[in-house]
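Let's take a friendly walk through this fold, moving from rings to helix packing. Keep the viewer open as you read.

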Amino acid sequence: MAMPDVSLIISEMKFLVSNINSYVPAGSPSNNSFRSELSGLLIVSLAATYENCVKEILVENAENHHPAFGKFAEKQYDKLNSRVGLNDLYGYANKLGASLTAKFNQELLKAERRTGSVIAVDQNGQPKYNKFKIVKEYHRLLECRHAFAHSRQKNTTIEEAYNMHRYGRFVILSFARALN
């Protein structure tokens with residue numbers, strides 16, 4: 001999946017949120033329950049979009065090496081099913097080469113800097129990737145997806161879901177850049 005494709009797919013979520021806000025505006029007590037349901041569905045949709053992007057990125061990367069490897073990757077990752085946490089992404093990158101893991105780290109660092117967030121570092125001055133705002137929001141979105149999909153917990157608003165996406169999407173974009 002080429003980088004522009006990933007960007008386009010992920011940016012479509014802004015349009016979806018805009019439509020939700022147009023058709024079911026916030027502030028009306030009669031809309032609150034429905035908006036709560038929609039926020040859960042939005043979270044599930046965002047997570048599924050990320051899963052599909054990861055799968056397509058992995059398959060395309062494999063196809064670039066050999067068509068048969070692409071077919072193997074397609075079958076291997078057919079049912080990714082929420083295995084798109086940061087550690088999972090590191091695992092996929094590491095299977096394809098240590099240089100891709102390092103490149104993924106570089107892309108995460110660039111993305112975190114672009115958000116204007118303070119870079120978390122350990123006592124040796126090395127970046128703590130799991131403490132980056134983009135990673136925290138990404139994982140928060142995946143946790144909310146799990147809570148809604150498996151126990152119908154409606155603990156986030158549409159605005160919160162979109163905010164998680166605004167930051168979390170950089171994890172997927174960084175993964176795509178690293179494997180491109």
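**Rings and helices**

Tyrosine 90 has a relative accessible area of 18%, so it is buried; buried means under 20% relative accessible area, exposed over 50% and partly exposed in between, with a 1.4 Å probe and protein chains only. Before we go on, note that this is a predicted model in which local features need pLDDT of at least 70 and side-chain atom pairs count only at pLDDT 80 or more, while totals for chains, interfaces and linings use all residues. Residues are numbered from 1 along each chain as its sequence is written, and side-chain values use heavy atoms, leaving out hydrogens and water.

Now to the aromatic rings. The structure holds five aromatic pairs, where rings of Phe, Tyr and Trp (its six-membered ring) pair if their centres lie within 6.5 Å, and planes under 30 degrees apart count as stacked, over 60 as edge-to-face and the rest as tilted. In one of these pairs, the rings of tyrosine 90 and phenylalanine 104 have centres 5.3 Å apart and planes at 65 degrees, so the pair is edge-to-face. Tyrosine 90 sits in helix α4 and phenylalanine 104 in helix α5 (residues 98-114), so the pair ties together parts that are 14 residues apart in sequence. Helices (H or I, at least four residues) and strands (E, at least two) are DSSP runs, numbered from the N terminus.

Phenylalanine 104 counts as buried, at 0% relative accessibility. Phenylalanine 104 also forms an edge-to-face pair with phenylalanine 175, at 5.5 Å centre to centre and 80 degrees between the planes. This pair links distant parts of the chain, with phenylalanine 104 in helix α5 and phenylalanine 175 in helix α7, 71 residues apart. Phenylalanine 175 is buried too, with a relative accessible area of 0%.

Neighbours within four places in sequence aside, asparagine 105 is in contact with Tyr90 and Tyr129, contact meaning heavy atoms within 4.5 Å.

How do helices α4 and α7 pack? The axes of helix α4 (residues 86-95) and helix α7 (residues 158-179) come within 12 Å and cross at roughly 5 degrees. Axes are lines fitted to C-alpha atoms, for helices over the stretch in contact, and angles run from 0 to 180 degrees between N-to-C directions. The two helices, α4 and α7, are therefore roughly parallel to each other; angles under 35 degrees count as roughly parallel, over 145 as roughly antiparallel, 65 to 115 as roughly perpendicular and the rest as oblique. From α4 the contact draws on Leu86, Leu89, Tyr92 and Ala93, and from α7 on Val171, Phe175 and Leu179. These contact residues of α4 and α7 divide into seven nonpolar, no polar and no charged; Ala, Val, Leu, Ile, Met, Phe, Trp, Tyr, Cys and Pro count as nonpolar, Asp, Glu, Lys and Arg as charged, and the others, Gly among them, as polar.

Turn next to helix α2 (residues 29-65) and helix α6 (residues 133-151), which pack at an angle of about 120 degrees with their axes 9 Å apart. That angle makes α2 oblique to α6. Residues in the contact include Gly40, Leu41 and Val44 of α2 and Tyr138, Leu142 and Phe148 of α6. By type, the residues of the contact of α2 with α6 are 12 nonpolar, one polar and three charged.
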